[in-house]
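Subject: Structure for you to look over

Hello,

I am passing on a structure that you have not worked with before.

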Amino acid sequence: MASEQRLRHHFLEQAVEGARDALQNVPEVAERLGGMATELSKIGDQLFIANVRKGELQFPKRYINSEGIPLIAVHRGTKVHVPEYAAKMTPRQEAGLRQRLGTGGDYPPQDMYIRTINDHLAHPTNSDFQLSKGLAQVRAADLQQRNPSRYFAGNNFAPAYRIYGRPLLALLYGENQPVFAASPMLHEYVHLLQAFRHLEPLHDEATPIHTADLNKELEAYMFIGPVADCLQTAGLAADEDENQLRIYKDLVQRRDDSGQMSQLQADYLRFLVQ
Ligand SMILES: [Zn+2]
């Protein structure tokens, strides 16, 4: 393996190990996360290191029928093309969609749905991926930008829903890139979990897509903020853990009594993700 590639692999392995370490070897973390600790551990186990060759994401074909999640390290601004086989739904995503669609009614045979959706996931309007901001990003081909009513004509599904293909996790990599801290890594794990729950907004007629995005951010910070807190108390927090904690505290401060995302939280999150 070329040394550049070896360094990249090492960087990615360390990020996965750091997250696993926090989940398994810091008892307070597992305690604070409850059942979510198991969910996040499973996500960590699904990750595998993939390669980017000549601007294209590549992984062995044996992963196609698995729940594997490709993990890559990219320089800021580098374009990565996601090929068809990498964008299609995983078996679990497909099973979830089948279950959600149920049987009968006005629906054409489920297989036709799945084929159509997979076909569209495989031809995303923009299948070039780029990490332009932030330290990491979860990317999954989705149907958000297209007109899904074509495929679900004659039923009650809301126009604003998403169906995701296999997600990928890209970490920012560059010269002097420090080890990727556990909290931001686990934050991305929450986003990966969200990609496997991809059908949630299906019936959510009132929620515009961007609000759904802000809710996902809120969820990620709310789960991982306490993790960063535990790491800090244990003297294990890196700068990026501190950053997660700070944002979490800011979000807690902006809560209201509604139990939903408050206006102040929404404004703050919008500012963060822009
Ligand atoms: Zn996020």
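The notes below cover a sheet, one of its strands and a helix.

This is a predicted model, in which local features need pLDDT of at least 70 and side-chain atom pairs count only at pLDDT 80 or more, while totals for chains, interfaces and linings use all residues. Residues are numbered from 1 along each chain as its sequence is written.

The sheet

Helices (H or I, at least four residues) and strands (E, at least two) are DSSP runs, numbered from the N terminus. Two strands count as paired if DSSP finds at least two bridges between them. On that basis, 4 strands make an open sheet with mixed pairing, in the order S1-S4-S8-S7. S1 and S7 (136-142) are the edge strands, each pairing on one side only. From one strand to the next the twist averages 35°; axes are lines fitted to C-alpha atoms, for helices over the stretch in contact, and angles run from 0 to 180 degrees between N-to-C directions. Helix H7 (182-196) packs on the sheet and touches S4, S7 and S8, its direction making about 10° with that of S7. Contact here means that the C-beta atoms of two residues, placed from the backbone, lie within 7 Å.

Strand S4

A residue is buried if 20 or more other C-beta atoms lie within 10 Å of its own, exposed if 12 or fewer, and partly exposed in between, with C-beta atoms placed from the backbone. Ile69, Leu71 and Ala73 point one way from S4, and Pro70, Ile72 and Val74 point the other way. S4 pairs with S1 (residues 47-49) in the parallel sense over 3 bridges, with leucine 47 opposite isoleucine 69. S4 also runs parallel to S8 (residues 164-172), joined by 4 bridges. In S8, alanine 170 is the bridge partner of isoleucine 72, and leucine 172 is that of valine 74.

Helix H3

The buried residues Leu40, Ile43, Gly44 and Gln46 belong to H3. They lie on the same side of H3 because they cover an arc of only 160° around the axis, the arc being that of the directions from the helix axis to the C-beta atoms. Exposed Gly35 and Thr38 are on the face turned away from that buried side. The cover over the buried residues of H3 includes H1 (3-25), H2 (27-33), S1, S4 and H7.

Regards
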